[in-house]
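Me: I would like a close look at the aromatic rings in this model. Please keep it brisk, and go through them one by one.

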Amino acid sequence: MTNQAIILENMTPKHLDSALDLSLQVQWPHRREDWELVHSISQGIAALQKDSLVATVMMTPYGDDAATINMVIVDAAMRGRGLGRKMLEEALAKAGDRTCYLVATQEGLPLYEKVGFAATGETVQHQGEPLQVEVPAHVKWTESGDYARVVALDRAASGHDRSALMEILAERARFAVIRDNGEIQAFAAIRTFGRGLVIGPVVARNASEAKALIDFLLAHHQGRFVRIDSDVSTDLSGWLIGRGLNQAGRGIRMRRPGSARKKSEPTHHRNYALVSQALG
């Protein structure tokens with residue numbers, strides 16, 4: 001198998017079953033539905049050797065100025081041959097002038113640094129069956145007509161146009177919100193993912209709001225397996241452990257500036273923080 005030529009082509013739904021097999025090989029929790037979600041808002045690349053899928057990568061654009069690079073997998077038998085870098089370069093070519101973000105493992109750090117990424121922070125994954133918590137009285141589920149405000153808050157917190165992502169989450173997730181004088185000022189989403197549920201994004205003005213939103217979602221999903229990835233800078237790790245969600249891994253947040261620098265710099269609103277993302 002390793003002596004055959006490798007062909008790169010745009011990822012289509014026909015590749016997703018094989019992509020799922022590849023992610024199972026590296027012990028990722030993704031279901032086919034999780035691949036479908038990312039693929040629906042991304043430009044993917046598939047590496048084929050004969051009829052076998054041997055590597056994947058996705059470029060998920062956020063408007064014209066930013067993108068995330070994700071679903072980077074190389075078959076174990078193909079590693080050490082430069083295929084990972086080739087896939088990454090192809091994804092960056094699709095991103096064009098956009099500033100690109102990703103979450104790296106310690107093992108993948110050298111590769112990403114070689115193509116211009118630099119570490120900007122760290123994320124920690126928590127998961128498990130949450131302990132019983134009370135439902136915060138000031139947190140509610142979204143109502144009809146709330147979608148536009150949720151999208152606006154996400155943009156204010158992230159600094160980027162993630163409307164395509166938020167549109168698909170509107171179909172697949174439930175949103176909890178905090179209102180001040182009738183207007184939404186913080187929100188959190190929960191959806192089916194992997195072996196259970198995943199919380200994210202979480203947008204809040206402070207840690208108290210973020211905790212209340214997360215508590216609300218945990219309280220409504222007792223007995224379910226829940227995952228949440230949060231930035232280390234939010235200092236929520238100890239609190240999440242106290243809620244029954246133990247640490248399950250860490251990642252390095254990385255950024256590669258786009259060539260159109262002024263357009264690519266985030267313009268997030270200082271009053272809002274993206275506590276937990278929906279994608280890397």
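How many aromatic pairs does the structure hold?

Reply: The structure holds three aromatic pairs. This is a predicted model, in which local features need pLDDT of at least 70, side-chain atom pairs count only at pLDDT 80 or more, and totals for chains, interfaces and linings use all residues. Residues are numbered from 1 along each chain as its sequence is written, and side-chain values use heavy atoms, with hydrogens and water left out.

A pair of aromatic rings is described by the distance of the centres and the angle of the planes. Rings of Phe, Tyr and Trp (its six-membered ring) pair if their centres lie within 6.5 Å; planes under 30 degrees apart count as stacked, over 60 as edge-to-face and the rest as tilted.

One of the pairs is Tyr 112 with Phe 117. Their ring centres are 6.1 Å apart and their planes stand at 75°, so this pair is edge-to-face. Tyr 112 is buried, at 10% relative accessibility. Phe 117 is buried too, at 3%. Buried means under 20% relative accessible area, exposed over 50%, and partly exposed in between (1.4 Å probe, protein chains only).

Phe 175 and Phe 187 also form a pair, and this one is tilted. The centres lie 5.9 Å apart, with 50° between the planes. The pair links distant parts of the chain: Phe 175 belongs to strand 8 (residues 173-180) and Phe 187 to strand 9 (residues 183-193), twelve residues apart. Helices (H or I, at least four residues) and strands (E, at least two) are DSSP runs, numbered from the N terminus. Phe 175 is buried at 9% relative accessible area. For Phe 187, also buried, the value is 0%.

The charged end of Arg 174 sits over the ring of Trp 141, 3.7 Å from the ring centre. Arg 195 has its charged end over the ring of Phe 225, 3.8 Å from the centre. The criterion is NZ of Lys or CZ of Arg within 6 Å of the ring centre and within 35 degrees of the ring normal.

Arg 227 lies in strand 11 (residues 226-231). Leaving aside neighbours within four places in sequence, Arg 227 is in contact (heavy atoms within 4.5 Å) with residues including Phe 193, Leu 197, Val 198 and Ile 199. Pro 29 and His 126 are also among them. Arg 227 is buried, with a relative accessible area of 16%.
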